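My notes follow the display.

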Amino acid sequence: MSLPQRLPERARRLRALPSVERLAQTLDAETSLAGFTAAERRAAARQAIAQLRTELQNQALERSAADLFAQSLAAARAWLAARGGMRPVINATGVILHTNLGRAPLARAALEALTMIAGGYCNLEYDLATGRRDRRDRHGEAHWQMLLGCEAALVVNNCAAAVWLVLDTFGRGQTALISRGELVEIGGGFRIPDIMAKSGVTLCEVGTTNRTRLADYAAALETLSDARLIVRVHQSNFRLLGFTERPSLAALAVLARQRGLLLFDDIGSGQLTDLSAYGVLDEPSPARSLADGADLVTFSADKLLGGPQAGVIAGRRDLIEQLRRNPLLRALRADKLTYAALEATLKLYCTRAPEAIPTVAMIRQTPDAIRRRARRLRLQIQRRCPAETLAVHLSPGHSVIGGGCAPQVQLPTTLVRLTSTTVAADELATRLRQRSPAIVTRIENGCVVLDPRTILPAQERALLQGIVESLA
Ligand SMILES: *Cc1c(COP(=O)(O)O)cnc(C)c1O
């Protein structure tokens, strides 16, 4: 009969567990958790203690009360982090358009437009001149015409939706030519061949993965009677190097015109200001694509453009009007907040003030300016953390653009490396992530690494506080 002997032993082990009350009070006192409600912190405490109790009941491990308290605190923090819903993040990764972190942060002007439009009513589908009903998809069109030199433009939910709408409208039941080198997967499982199949488009693959010539398109057309579209897709998140070739867009445009086909160019990211001085050399610009003869061009608003999530279709007016008549548009349409933020962002381009757009500003930040920020950050950290517990080093490194844009571009930066003698790098990174605002870092060679390029200046204080508290 072992049971009667084991019972008091188990009860003794369980008595070492902290009370929910005490754990909740500790959570309440943590400034990093002030973003949660008292009820959420109490629920986290209850959850953490219940979890530990189960563990203690199942194993015969002896653990000190201090150990159990530390463990329950960590479990409660993790529970809150997992359940906290949307939270602001300080992006210290150096990846500018981090898709997992929401891509482009918006410009102040876009935030002001959001506040103004979101809190009340607006003329989303209402013509204030006549007092009649209007279409939402006219918003921003004048800006697009000015910026791209296009006849017309249409905004939808994202670029994937833009591609789908174009293919569904012009390709359904017909054949589209596309180079084998452009049958790409964009990310998040968005594969060009799949979306073409879904849109009822028959795919005619042209050329080879690395080399496709104009003659390949012409030869394919000889055998096709129902070809309607030439589709060109920017390779976005990868580059072919070495023995490669593809015809220029202008040459394709001539062929398309001769054969009565539409030329559709999905460029993915919309570069509206020249970033070539920063190494962004082979990201197409929508204005250039249209000038080269594309009938329609599609791109994202939250990549290089630096606006809210949206997809833009620009080009010939007659084609855009046909897109407007597709019932699918109703399911892909953008909401009033998107229009508000997008229009405010476009105005910054129209007034030649793109440096007010965080994405553009981050790409343009000079190595000297970043080095100065890194030095200041090091100094501030060193002032608040004793040198015996934390070493802070600067080292040269690279930031990247991300979001599938310009994958080969490495922007020189200065990294801030933290090495703690009391907290392991993994543990420090976890603590930083579980705060609100959360701080997301990289770990390299056992150090927590921060890249100042993607840390918004307004977040520097919260970052500093986060580091200091996470080491305590
Ligand atoms: C990113 C990208 C897309 C998808 O854009 P989302 O706005 O993320 O939907 C489509 N095509 C290309 C070429 C891209 O680079």
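**Ligand shell and sheet**

I began with the ligand in this predicted model. I listed the residues that surround the ligand: R103, N158, C159, A160, I186, H234, S236, D266, G268, S300 and K303. I then sorted this shell by residue class and recorded three nonpolar, five polar and three charged residues. I noted that helix 7 (159-170) and strand 9 each supply at least two residues of the shell.

For R103, I found a polar side-chain atom 2.9 Å from a ligand oxygen. For K303, I found a polar side-chain atom at 2.8 Å from an oxygen atom of the ligand. C159 contributes through its backbone, where a polar atom is 3.0 Å from a ligand oxygen. I also looked up the cover: on its own the ligand has 380 Å² of accessible area, and the protein covers 93% of that.

I recorded an open sheet of seven strands in the order 5-11-10-9-8-6-7, with mixed pairing. Strand 5 (152-156) and strand 7 (202-206) each have a single partner strand, so one side of each is left without a neighbour in the sheet. Neighbouring strands are turned by 20 degrees against each other on average, with direction ignored.

Last, I followed strand 9 (residues 262-269) to strand 10 (residues 296-300); the two run parallel and are joined by five bridges. I found that D266, a residue of the ligand shell, has T298 in strand 10 as its bridge partner.

Terms used
Residues are numbered from 1 along each chain as its sequence is written. This is a predicted model: local features need pLDDT of at least 70, side-chain atom pairs count only at pLDDT 80 or more; totals for chains, interfaces and linings use all residues. Side-chain values use heavy atoms; hydrogens and water are left out. Two strands pair if DSSP finds at least two bridges between them. Helices (H or I, at least four residues) and strands (E, at least two) are DSSP runs, numbered from the N terminus. Axes are lines fitted to C-alpha atoms, for helices over the stretch in contact, and angles run from 0 to 180 degrees between N-to-C directions. A residue is near a molecule or strand if one of its heavy atoms lies within 4 Å of it. A polar contact is a pair of N or O atoms within 3.5 Å; within protein, one must be able to donate a hydrogen and the other to accept it, and residues adjacent in sequence count only if both atoms are side-chain atoms. Accessible areas come from the Shrake-Rupley method with a 1.4 Å probe; for residues, only the protein chains shown count as cover. Ala, Val, Leu, Ile, Met, Phe, Trp, Tyr, Cys and Pro count as nonpolar, Asp, Glu, Lys and Arg as charged, and the others, Gly among them, as polar.
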